[in-house]
Amino acid sequence: MKIKLPFSSYFNCGKTLFVMCMIMLFSASIIAQNTLIASEDFEGANFITTLNDTGLAANNGPNKWIINNQYNGGGVYPNTIAQDSTFGGFITFPNGHYLHIHDSVAAANSGIANTNYNPLSASDRLAVVDEFCTLGFSDVTVAYYYLCMGDTNNAFGQVYYSINNGAWVPFPGAVYRNTYKWKYTELIDPIFDNQSSVRIGFRWTNNSTASTLKPSFAVDDIRIVGNFDNSLVGITIDTLQLVPVCQNFNFLAFFNLTNPLCGSGFYEVELSNAAGNFNNPTSLGIYQLNNLFTSQGLFLNIPATTPPGNCYRIRIVRLDVTPNVISTVSDCFEVLLCPNTITTLQPVMLSNPSDTICVGSVIDVPFYSTGVYTNNTYVAQLSDSAGNFPVNPNVLGTFPNSDTYDPALGSLPGTVSGLLNPIFHPIPPGCNYYIRVISINPPAIGSLYGPFCIRNCDIETNNQQDIKACITTTTGYDTTAVVDVNTFDSVAVYAPNNLFQMQLLSSMSFAVVNTGGIGSINATGDTIMPINIPNLSGLGALGLQPGLYYARIIATNSSTGWNSLGTLIRVIIGAPADVPLGVYTYSPTNFTGFIPTSDTTICLGSAVYFTFLPSNPASDYVWTLNNQNNWSTDQFTGVLFNQTGNFYMSVVETNFGCVGPGSDTAHIIVIGPPSVAVSGPGQVCVGDTATFNGILQNNTYYNWSTNSNGQIIDTLNNFTNVYFPNTGTVPVIMSAVNDCGTANGVKNVIVRPLPLVDAGNDTIVCPGVPLELTSDPFNSGYSYNWMEIDSTVANTQTAVVFPTSDTYYVIQATSYPAIGCKEQDTIFVSLRDAGPSRTIDSTICAGDNIRLNAGSGTSFNWSNGFNGQILETTEPGVYVVTYFTSANACANVDTFIVQNKFCEEPLPDSLYTPNIFTINGDGVNDKFTIFNENYKTLEVIIFNRWGQKVGYWNGIDGGWDGNQINTLQPCPDGVYFYIGEAQSKNNVDPVKIHGTVTLMRR
């Protein structure tokens, strides 16, 4: 919806820095009503900062403030660091225009005007941001980016402030030096709050030294925001005047503001029902008023549709603050049903009693009216020749219209136009005629005008048809007019030298303004008269201008000289502007001229005031807003935009019925509050710190907050980092403030708990004994990872390990795979001392029986499955027995190697068996092999200390790689046993071999 603004009260809103004289009407959900008071990014055509001011600094030296977009030092000075190099956040227009100190001599001589200074020349310079008003605001914050190197003792930047044009005061701690990248900062001090004038000054000072050339002082993206304090915006209705009031009549309302405030505001006046209830109020208009004036007055109109009642009240709502501020309520006043009255006024063609109007002439009957009219038609009626109005009097004309033409409301008279024709009754000549104007709905009979005279004329002008002409500065209008004589009789005779001429009379005074200038013909009877209406310059030569004229044909030589004037018609000459009108905007509260308008971007809830040039007071103008073709007919019209989108405003001139070429089109782009989409993770793990950001927008200030389950670590303009110490749902709130108001975006972040994981208590195990590791409690939604040092042991909740030394095992559990919440625990496993181990060699002859005695102990477990102390066997081989000799001790491990008698023969010299091999990938001794020279076959079996077969090969070139023969898993470090048989090349009896070998992997 777009609202037409009444022009009741406008005042100067004062000069501010991009100040929000017109603030948004509606905003998103507000946590604190932050408002952008002022903003400067130095990208506008007219920069508002006062450079090199003398109010504080000595204003001397060649190093001066400047605004430009230069960053290159030209090889003479260091380059200004790019604006995308910051300590955090982003500058709105990277490498655009900015405020900075430069060496003006270097700029003049070589065009070097980036951020630099000449340390050899002392300088003291001040740049002042134009004053801004903070009345009604608290928590005022001045934010900006700055860059300042200089020299620690001799060159530095400093920030000052001045309140109400008082002395300049340095802001505590705002002294800048050695800042090599752009840095975002905020200045907050209660001294800025609720002040009519605040100024901020940036000062640069350098002594004369031989310091190294460095960048000087630079500033960009200035934002000044505050929280509007609604307690300061009270409104009290004082008095009402001109009450009781009739429907469709005006009254005065006076009210007071609690405090003077900055700029202007939008105030809507609401009317209650007849019982003083505001459940469904009626709007009496929205008004833009200057907030600096605490006493205000409005001229208000009671709508015509308001039912009569004795306890109407009004209240005033300020719309441009959130929440809206509602005034006190007025005393009851009465709305009256006043009678409808019509006052018939004198038609201008009857203003000269000696110039009697003819039957068949045009007549325009003016009137005033009061009251309320609905679906109405005004009717002008003529009495009979005796001054009486019969039941169906002659109708002069009708005017379908429901408007009220009340001079008390500033209205001009209405007019019913028509012809003096005998529609229902004859109109004989006479001097006792009256006219009146009546209304149809509601029926009302107007006052009488009269008496006046009517006569029959010999000449009828142009068959009672008006002449309408549209002309321009270059073109006129040609037509003809019919001359009809002896209309009522055949008495009049016209001499051969007679001229029929078109005579024009003023529509204001009925005085003759031209005779024969636009038409004349020599004739003695009925004829056709050529009519020529010249262009604008020619019209002026005739002493005429565009407008409405009454016209009649007159005769210069008639036998009835008293009857030489014909019936009246209208000659309407229109001359709209030849070229399209220019559409302009202006400020009614701080008028600085009319601004040509094409594309303009404004904020939701802002008002734009339009006019056009050139303007012709005799023309009618109709504004079109998008598809609303009759938006306004005022030369100066205001539109309050409370919808976003694209709007097109244009105007068309109509000058006495002639339509002009239209106008330029003003394109108004209405945008809402800043975009507040917050980007960042939707879920995090407890204890995480995450980064969130909003879209960087021009002239926008950002404020971040959260609840007690989150902690804002730092804020860098449109970025923030948040720490999440507790589980739950945590809102990360970005409040963005710009010229279009305040909006808040919320990112609800789910903080997930870490997984529960417990590796168990530290434990002690015996070497080589398998240990089962388990994490409690089990959760099917977790993924697990057991690790020893940096190697993964298992990817399950439970892992079986064979510790060979004291070591730590780490269990890591991961929950919520999308974000990977991880927790871990550690268990330390230490080894007991191993029990004693023996290797016992025995020989038997083939078929003999041998008894292998493990000795005293318990829990005997032989490698072939026997569980007793003494194992009897007739088979050669390696027999391993484990047993315990005491409680809580590690197992004893004995190894019995049983061989046949021939095994006692010495190992042939041609066989060489190593006792150690190392698997470390160096290509040397990475396998266990038996070297031979005179043997053609070789078969070897490898056993671990428990008698389990772990390795085997058959072939003179074979060997063992240290892996399990079945699973191919790596065998741990340790001592292993082997037995084998070799066949010599000369086919003598096979040789039996056995022994031990040590495996080392590291």
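N785 touches T792, A794, N795, V810, I811 and Q812, leaving aside residues up to four places away in sequence. This residue belongs to a predicted model, in which 8 disulfides are present.

- N785 is located in strand β58, which spans residues 783-788.
- The residue counts as buried, because its relative accessible area of 16% falls under the 20% limit.
- The side chains of N785 and N795 are joined by a polar contact of 3.1 Å; N795 is also among the residues that N785 touches.

**Disulfide C311 to C332**

- C311 and C332 are linked by a disulfide with an S to S distance of 1.8 Å.
- C311 is in strand β18 (residues 309-312), whereas C332 is in the loop between β20 (325-326) and β21 (333-336), so the link ties together parts 21 residues apart in sequence.
- The two cysteines fall into separate accessibility classes: C311 is buried at 16% relative accessibility, while C332 is partly exposed at 34%.

**Disulfide C431 to C453**

- The sulfur atoms of C431 and C453 lie 2.0 Å apart and form a disulfide.
- This link of C431 and C453 is right-handed, with 115 degrees about the S-S bond.
- C453 is partly exposed, with a relative accessibility of 24%.

**Disulfide C766 to C890**

- C766 and C890 form a disulfide in which the sulfur atoms are 2.2 Å apart.
- The link of C766 and C890 is left-handed, with -95 degrees about the S-S bond.
- Both cysteines are in loops: C766 in that between β56 (763-765) and β57 (771-774), and C890 in that between β67 (877-884) and β68 (892-900), so the pair ties together parts 124 residues apart in sequence.
- C766 is buried, with a relative accessible area of 12%, and C890 is buried as well, at 4%.

**Further buried cysteines**

- C148 is buried at 0% relative accessibility.
- C971 is likewise buried, at 1% relative accessibility.

**Open sheet β22-β24-β27**

- Three strands form an open sheet in the order β22-β24-β27, and their pairing is antiparallel.
- β22 (341-344) and β27 (414-419) are the edge strands; each has a single partner strand, so one side of each is left without a neighbour in the sheet.
- On average, neighbouring strands of this sheet are turned by 30 degrees against each other, with direction ignored.
- β24 (residues 362-370) pairs with β27 in the antiparallel sense over 6 bridges.
- Opposite V362 stands L419 of β27.

**Open sheet β13-β21-β18**

- A further open sheet of 3 strands runs in the order β13-β21-β18, with mixed pairing.
- Its edges are formed by β13 (245-246) and β18, each of which pairs on one side only.
- Between β18 and β21 the pairing is antiparallel, over 2 bridges.
- G309 is placed opposite V335 in β21.

**Nonpolar cores**

- The largest nonpolar core comprises 62 residues, and those with the most contacts inside this core are Y144, F192, F202, F217, F251, I314 and F333.
- Strand β6 (residues 137-148) contributes the most to this core, with 6 residues.
- Another core lies apart from the largest one and has 30 residues, including M349, I357, L382 and I435.
- F202 touches W65, L99, R125, L126, A127, V129, Y144, Q158, V159, F217, V219 and I222, again leaving aside residues up to four places away in sequence.
- Y144 and F217, which F202 touches, are likewise among the residues with the most contacts inside the largest core.

Technical notes. Residues numbered from 1 in each chain as written. Predicted model: local features only at pLDDT ≥ 70, side-chain atom pairs only at ≥ 80, totals over all residues. Heavy atoms only, no water. Disulfide = S-S within 2.5 Å. Helix = DSSP H or I, 4+ residues; strand = E, 2+ residues; numbered from the N terminus. Buried < 20%, exposed > 50% of the residue type's maximum accessible area, 1.4 Å probe, protein only. Pairing = 2+ DSSP bridges. Axes fitted to C-alpha atoms, helices over the stretch in contact; angles between N-to-C directions. Core = buried A, V, L, I, M, F, W, Y, C linked by side-chain atoms within 4.5 Å. Contact = heavy atoms within 4.5 Å. Polar contact = N/O pair within 3.5 Å; in protein donor to acceptor, adjacent residues only side chain to side chain.
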